[in-house]
Amino acid sequence: MSDVFPSHASVVVIGGGAMGCSTLYHLATGGVGDAILLERNQLTSGTTWHSAAQVRALRSSRNLTDLIRYSIELYTSLEARTGQATGWISKGSLSIATNPDRLTHIARQASLARAFGLRARTIEPGEAKERWPLMNADDVIGAVWSPDDGRVSPSDLCAALARGARAAGARIFEDTAVTGIATRGGRVVAVETARGTVRCDAVALCTGLWSRRAASWAGVGAPVWPCEHFYLLTRPVPGAEHHLPTLSDHDGHLYIRDESQGLLVGCFEPMGKPLDPDSLGEDFAFRLLPEDWEHFEPMMANALHRLPVLETAEVRMLLNGPESFTPDGAFLLGEAAETRGLFLGCGMNSVGVASAGGAGMALAHCIVHGHLPADLREVDPARFPDCLQSVAALTERIPEILGRHYEIAYPARQPTTARHLRRGPLDERHRAAHAHLAQVYGFERPLYFGCTGEPTPTFGRPVWFDAVAEEVGHAHRGAAVFDLSTFGKIAVEGPDAERFLDRVCTNDMRRPSGCAIYTAMLNPRGGFESDLVALRLDHERYRLHVGTAAIRRDLAWLRRHLDADERVRITDVTEAYAVLGLMGPAADRIATELGATGLPARAYRHAEAMIAGIDVHAARISYVGEPGWELTCAADDAVALHDALCGAGARPAGLLAQTAMRIEKRRLAIGHDLDGEVTPIEAGLERAVEWSRDFVGRDALLRRRESGACSHMVTLVLDDLTAVPLGNEPVYHDDVLVGQTTSAAFGHRVGRPLALAYLSSTVLPSPDGAAVTIDIAGEAAHAVARLAPAL
């Protein structure tokens, strides 16, 4: 194979760690034989070489779990494919609990693992001790055993991937530093190096610690920042002569395994140490950071408690190596929203080696086919706002993210750092009303009102239960004001706006001015890219109302589907307007008292109107199932409008009340109940489809309709009033797994815990419903599945 540096390659992979090598391997074996990899030093020299390389299959979603499952299959088969061993060791993993909430947490994980087809079971402390004899199990109250997890040698893994890639025609150039990425017309065109410029169609950015800087060369934000990561290595100790399972003592912030007949004890301490990547220098390769025993001391105390043998063990070293993290603890995978042809595979949050096999496969698939092989919006690079990409925000947030790596997954938990970055127009009013706030796309949104202090986390009935019940009561019996201002607002304007939207949306966008149109945007496979409400303002102007977290993603989707000859302007106008939802039976009275004029009376109509002397755009739509209007006004008028509505008797209500009410009415939410693999057929949303028109995804949707859906959306009404479903729980019918919950809440208007779920089409509820059970942390909660909403 020629060592001549090329002037052109279809795809350039930047970065020679596990993620870069896997991406190159899958590109080459997938038919992109001229792909190249550029590494500034040598393969694995950044973070990969010192990785503890644990591979645990279970993740928060089926599709993320499938990536790790693919990794395991790949790592066990690469030697046969390439002749290079990967050092795969399958000894399983053991997760222990030392308090009841941790036990609930790992029991939920075991339930989910079984639903995803993984082997996992809860075991008693005695069996846990048998599986890890060196462990002090005096305070262990339960554990979960996962026999198929394992670990791999990171250097051997990359060697195998590199050998396989080269055999398929790809080339690797080490000691080749990239100095820039050239773009033209919003698209990648070349990579610049000290050895010359390589023209290319696509770039896979797998640059680990340096990804934020590298992405900026192409005008892309990549909120990736490193922290120091520690693990202790001992010399041989009795009892570690043979391989042991990976031991997860997450209450002690520890992971533990054998290493060279000694022990490896790693930690994700409660607050990490951030590290400026520029401080490492251009020549940082196969190097470590200084030991910091003072920082590690609290973790060492936890380790001594769990492993008494450490008291006499000889320490080989305290390894301190940099690892990169993102503001939410999930990696970046897919094409950048800002620049076509730039694909991100970085910010791996210390699971890079475990994820690399599947994530590299997925990234290569995205480059070749234009989309990921499954819906993976949890790792979509477009999910972050600009305000979370600054150095100040990252250095504040990332140490907390490292510390949350092993946290108990309580509902409604929120980060405490890098907050109040974006303030909505009603921010001061929310604080005055004692709102408990959640950060959504950088904005602070009220979850609920009236409770002071931080809530005690729990898997049981939460402390905000009564506050949310009161807010629902206001909306159901009087009137409530929901602040919807942070929802995305996208202006689509121009002579061809109607033609354009009629092609990318499923509903009839040719309806006249004054119509509010609920519609979907689908991918070519018929799955949801977004659902939204479009207000047609006049012949050439629409305003789209989309989810808060979907703004950047939806903007990119719209712009990429715009034909070159279409005269359309697409603009993010989110912060120019406020939206207040006045909802409840008293909404009409309040509007009348405030001298409202021009408010539309028909559902799904909107009009210019006035209320309390303030110009608004009023839409007769309701996400919560109570009569009212969504009132759009200039952001500067929001406080005056809010004060007038509350002064006339409306009360503020937060996101948790809105969620409970939309679940009762079975209003589905993108990212929870809708995603890229769900079509309007399964979701029961054919009302948003105008079949007579040709729109993106129509052919696939027709095929799905003709073949019949494999699942359908149902409402689950639970029998036990004390049950607390959270979503993402397995659902069984006659002891057979038939589905999984997507959203859940207590339905205060119906007086029952509720969940939404997709169930197999083999379960067809009668008018009286079908009896099912929900696995909530290993406990069976009985419920009735209904095709109709609960209310």
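Me: How many aromatic pairs does the structure hold?
Reply: There are ten aromatic pairs in this predicted structure.

Me: Take Phe268 and Tyr406: why is the pair classed as it is?
Reply: The ring centres of Phe268 and Tyr406 are 5.1 Å apart and the planes stand at 80 degrees, so the pair is edge-to-face; the cut-off for that class is over 60 degrees.

Me: And where in the chain do the two residues lie?
Reply: Phe268 is in the loop between strand S15 (262–267) and strand S16 (273–274). Tyr406 belongs to the loop between helix H9 (391–403) and helix H10 (427–432). The pair links distant parts of the chain, 138 residues apart.

Me: Is Phe268 buried or exposed, and what of Tyr406?
Reply: Both Phe268 and Tyr406 are buried.

Me: Which residues do ring pairs link into a cluster?
Reply: Phe230, Trp293 and Phe296 form a cluster through ring pairs.

Me: Turning to charges, which ring does the charged end of Arg543 sit over?
Reply: It is the ring of Tyr577, with the charged end of Arg543 4.7 Å from the ring centre. Likewise, Arg620 lies over the face of Trp629, 4.4 Å from the ring centre.

Me: Now the open sheet of five strands: what is the order?
Reply: The order is S24-S25-S26-S23-S27, and the pairing is antiparallel. Strand S24 (516–522) and strand S27 (569–572) are the edge strands, each pairing on one side only. On average, neighbouring strands of this sheet are turned by 30 degrees against each other, direction ignored.

Me: How many bridges join S24 and S25?
Reply: S24 and strand S25 (residues 528–538) pair over seven bridges, in the antiparallel sense. Ala516 stands opposite Leu535 of S25.

How values were computed
Residues numbered from 1 in each chain as written. Predicted model: local features only at pLDDT ≥ 70, side-chain atom pairs only at ≥ 80, totals over all residues. Heavy atoms only, no water. Phe/Tyr/Trp six-rings, centres within 6.5 Å; stacked < 30°, edge-to-face > 60°. Helix = DSSP H or I, 4+ residues; strand = E, 2+ residues; numbered from the N terminus. Buried < 20%, exposed > 50% of the residue type's maximum accessible area, 1.4 Å probe, protein only. Lys NZ or Arg CZ within 6 Å of the ring centre and 35° of its normal. Pairing = 2+ DSSP bridges. Axes fitted to C-alpha atoms, helices over the stretch in contact; angles between N-to-C directions.
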